[in-house]
Amino acid sequence: MEPVVRLSNAVAVLGQFPVLAGANLTVNRGEILLLQGPNGAGKTSLLRLCAGLLPLARGEATVLGCDLRTNRAAVRSRVGLLGHANGLYADLTVAENVAFWGSTVGASASEVTASLVRMGLSERLANVAVSRLSAGQKRRTALACLVARRAELWLLDEPHAGLDASGRDELDATLRDATSAGATIIVASHELERAGALASRVIEVAGGQIREITGHAGPEGVR
């Protein structure tokens, strides 16, 4: 089976600075891969490359069978990227935001509702404008949008940020369920204990390069 992500000597540049400098990585379907490393190491750039948002300067890179050298736009509808910004429309309600992002992949009304329920947003918050939400509620809404989009590859940058304890637990359960349904997840996080408990592999990103720390494929993750 073809890997979901395959990078070979991948180089990506922002301005004149190589944010990825000869990165090599293979990610197989159903994995939860944890990226660790200091700020500025290249974690976010790696996620953006895999999302088709950052151009490949040199080397080879394929995501979900799409060659990022020649057609990186083709992968964008099949991946879900959640960065530090939540990507929500402030003047729309929670439910309207989730319905909008779900509509980009043809999600049904029942799938949108299920996404709201999954992230604890289906009752009093569903019809509240995003502009009136707390930081944690906005994060839950962004995650519900990601669930509704049915992404094959989830790319998450500090996804637990802003969530309370119940939200963090719900996110963890959602990620496990997503991989059980066939999705693949790459998560960048400084919360190594929590994220490491989910991960099947842990890699370190430093200076735009990748080094595997440990790996144990299986539902129990890294121990």
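This is a predicted model: local features need pLDDT of at least 70, side-chain atom pairs count only at pLDDT 80 or more; totals for chains, interfaces and linings use all residues.
Let me start with helix 2, residues 94-103, and helix 3, residues 109-118, whose axes come within 10 Å and cross at roughly 125°. Two packed helices are described by the angle between their axes and the distance between the axes, and those are the values I have just given. At that angle helix 2 and helix 3 are therefore oblique to each other, and the crossing in which helix 2 passes helix 3 is right-handed. On the side of helix 2 the contact is made by V94, A95, V98 and A99, while helix 3 contributes V112, S115 and L116. Sorted by class, this contact of helix 2 with helix 3 has 6 nonpolar residues and 1 polar residue, with no charged residues.

Staying with helix 3, which of its residues are buried? They are V112, S115 and L116, and, seen down the axis of helix 3, its buried residues fall within an arc of 100°, so they line one face of the helix. As background, an α-helix has 3.6 residues a turn, so residues three or four places apart point the same way. The buried residues of helix 3 pack against helix 2 and also against helix 4, which spans 135-148. Just after helix 3 comes G120, which takes a positive phi of about 70°.

Helix 1, residues 43-50, is mostly covered, in that 6 of its 8 residues are buried, and these are K43, S45, L46, L47, L49 and C50. Helix 1 is followed by G52, where phi is again positive, near 80°.

Leaving aside residues up to four places away in sequence, T174 touches R118, M119, V147 and W154.

The other threonine is T184, found in strand 8, which covers residues 184-188. Is T184 buried or exposed? Its relative accessibility is 0%, and so T184 counts as buried. Again not counting residues up to four places away in sequence, T184 touches V4, the residues V27, N28, R29, G30 and E31, and then E152, L153 and W154.

Technical notes:
Residues are numbered from 1 along each chain as its sequence is written. Side-chain values use heavy atoms; hydrogens and water are left out. Axes are lines fitted to C-alpha atoms, for helices over the stretch in contact, and angles run from 0 to 180 degrees between N-to-C directions. Helices (H or I, at least four residues) and strands (E, at least two) are DSSP runs, numbered from the N terminus. Angles under 35 degrees count as roughly parallel, over 145 as roughly antiparallel, 65 to 115 as roughly perpendicular and the rest as oblique. A crossing is left-handed if the near helix is turned anticlockwise from the far one by less than a right angle, and right-handed if clockwise. Contact means heavy atoms within 4.5 Å. Ala, Val, Leu, Ile, Met, Phe, Trp, Tyr, Cys and Pro count as nonpolar, Asp, Glu, Lys and Arg as charged, and the others, Gly among them, as polar. Buried means under 20% relative accessible area, exposed over 50%, partly exposed in between (1.4 Å probe, protein chains only). The arc is that of the directions from the helix axis to the C-beta atoms.
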